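Visitor: Please pick one part of this model and take me through its surroundings closely. I would like to know what lies on either side of it and how it connects to the rest.

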Amino acid sequence: MCGFVGLIGVDQASGAAAMALQALQHRGQDACGIGTVHQGRVHIYKELGMVSQVFAGGALSSLPGTAAIGHVRYPTVGAGVRDDTQPFHTRRPGVLMAHNGNVTNVPQLEAWLQRRGIRVQSQCDVEPIMLVFAEGLRGNKVEHVIDAVRDVFDQVRGAYTCAAVVEIEGEDALVAFRDPYGVRPGVYGRSAGGAWCVASESVALDALGFESGGEIPPGSVMILRPNQPARIESIRRAESRRCIFERIYFARPDSRMEDGRVFQVRWDLGARLGEEWRKRGLQADVVVPVPDTSRPAAQAMAETLGLPFREGFIKNRYSGRTFIMPDAIARQNALRLKLNPIPEIMEGKRVILVDDSVVRGTTVRRLAELVRAVKPKEVHLAIFSPPVRNPCFYGIDMPSKDELVAARVPEADWARTFGVDSVTFLSVEGLRETTRTPSCMACFDGVYPIPVSPEEAAAIVADRRGGGV
Ligand code: SF4
């Protein structure tokens with residue numbers, strides 16, 4: 001998972017890009033970068049670390065220009081080294097690009113490029129996308145850009161939303177495209193002054209005061225130039241399959257996605273979970289969210305069940321998000337730092353602990369230990385998504401079945417494994433019926449919208465293991 005922003009027609013675009021990236025920091029904390037174009041020259045600054053650290057010094061002043069591409073990185077592929085940090089740039093033709101997603105046929109693309117004498121230098125999968133795009137760019141007119149994106153859709157398999165700065169008829173243009181299934185998110189917006197922005201989530205537009213134009217349409221390319229209307233060209237239509245996990249966990253609750261505000265989606269999932277929990281005939285005294293993602297769902301569940309909702313943990317704001325930390329030890333240590341229970345809320349009570357998802361199971365086990373230490377009467381785990389039983393090959397770090405606790409451990413042993421009295425996951429039907437748009441739910445139901453061959457799956461798993469994620 002990563003976050004990107006693209007800007008055109010903005011004074012000191014690098015400063016605006018840094019602000020937008022801070023709004024998207026939750027999508028990747030491993031590394032970040034900004035590239036700008038000024039008078040035909042590309043300037044890039046990228047480094048490991050968070051946006052506020054990397055761009056704290058004078059880095060932004062070395063990035064002149066009114067067009068920028070920015071990126072925050074979460075390493076699903078590659079070793080998490082600086083060379084794999086985005087954006088990437090190629091000179092002839094000049095393309096500056098960043099993306100969010102996961103390409104599933106990188107070896108095939110590398111072989112195709114190699115036959116044309118082009119070498120992929122990094123392990124970052126935006127590089128082959130950019131090189132296929134650049135290879136398809138046979139002129140500097142709008143139609144050439146559309147043809148180049150058509151080439152990308154023909155060649156590149158997987159989930160990807162891309163933003164690039166490209167020169168069109170002597171002027172820089174912002175180009176954005178999204179794979180035909182629209183698995184990874186992407187939005188666009190415009191400022192009152194006629195500048196354009198594309199980004200992973202609408203919170204980046206909010207941070208800059210841009211008015212949202214909506215989603216980058218799946219299977220389409222957008223060509224955006226200052227003070228001109230957007231050109232949107234539909235190239236390949238497929239039934240879109242947006243990642244449901246974005247709405248469950250990754251996206252900020254104040255972002256708007258295709259089916260509305262993420263906060264509302266989580267609320268609806270929590271209400272449905274409440275109904276499913278009640279049908280089990282279990283009893284409880286208090287509903288406690290695992291901060292922060294679970295809060296709307298836990299509130300909705302509490303309302304549905306007529307139970308008090310209480311904050312039972314204080315979160316240390318200065319520790320990172322555990323799931324997107326790049327290795328298991330970092331995740332364990334971070335969790336210890338991250339949450340501290342308030343004993344008075346849970347002691348002697350039957351507690352429903354609400355969380356967003358269970359992937360490896362380490363977090364819920366540790367959480368259950370924390371809660372047990374304050375002596376509740378019972379601990380009931382309620383998860384507002386179904387069990388994750390299948391790996392994701394489209395950009396989220398759940399690469400192999402042997403890491404997924406719900407795939408490894410029989411259902412009858414889940415409560416004992418997690419150290420709780422009961423476990424209730426939202427059903428797959430509950431998720432499907434609550435979600436308003438057709439979505440990828442492959443990690444839950446095993447239905448993969450974009451085929452991944454066993455060889456490709458093995459290569460993705462091997463890459464991630466190499467990267468320690
Ligand atoms: S498999 Fe799961 S995490 Fe991956 S894109 Fe589909 S819904 Fe999202």
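**A close look at strand S20**

Guide: Strand S20 and strand S21 (residues 378-383) run parallel and are joined by six bridges. In this pairing, Arg 350 has Glu 378 of S21 as its bridge partner. Between S20 and S21 the chain passes through helix H12 (residues 362-372), making a right-handed β-α-β crossover. All of this is read from a predicted model.

S20 also pairs with strand S17 (residues 286-289), again in the parallel sense, here over four bridges. Pro 289 is the residue opposite Val 354 of S20.

Now for the setting of the strand. S20 covers residues 350-355, and five of its six residues are buried, so the strand is largely enclosed by the rest of the structure. Val 354 is also among the residues with the most contacts inside the largest nonpolar core, as are Leu 353 and Met 301. That core has 146 residues. It lies between domain 1 (3-241) and domain 2 (256-443), because both give residues to it.

The loop between S17 and helix H9 (295-305) holds Asp 292. The peptide bond from Pro 291 to Asp 292 is cis, with omega near -5 degrees. This deserves a remark, because most peptide bonds are trans.

Note on methods. Residues are numbered from 1 along each chain as its sequence is written. This is a predicted model: local features need pLDDT of at least 70, side-chain atom pairs count only at pLDDT 80 or more; totals for chains, interfaces and linings use all residues. A nonpolar core is a set of buried Ala, Val, Leu, Ile, Met, Phe, Trp, Tyr and Cys residues joined through C-beta atoms within 7 Å. A residue is buried if 20 or more other C-beta atoms lie within 10 Å of its own, exposed if 12 or fewer, and partly exposed in between; C-beta atoms are placed from the backbone. Domain bounds come from an automatic or database domain assignment. Helices (H or I, at least four residues) and strands (E, at least two) are DSSP runs, numbered from the N terminus. Two strands pair if DSSP finds at least two bridges between them. A crossover is right-handed if, with the strands pointing away from the viewer, the path from the first strand over the helix to the second runs clockwise.
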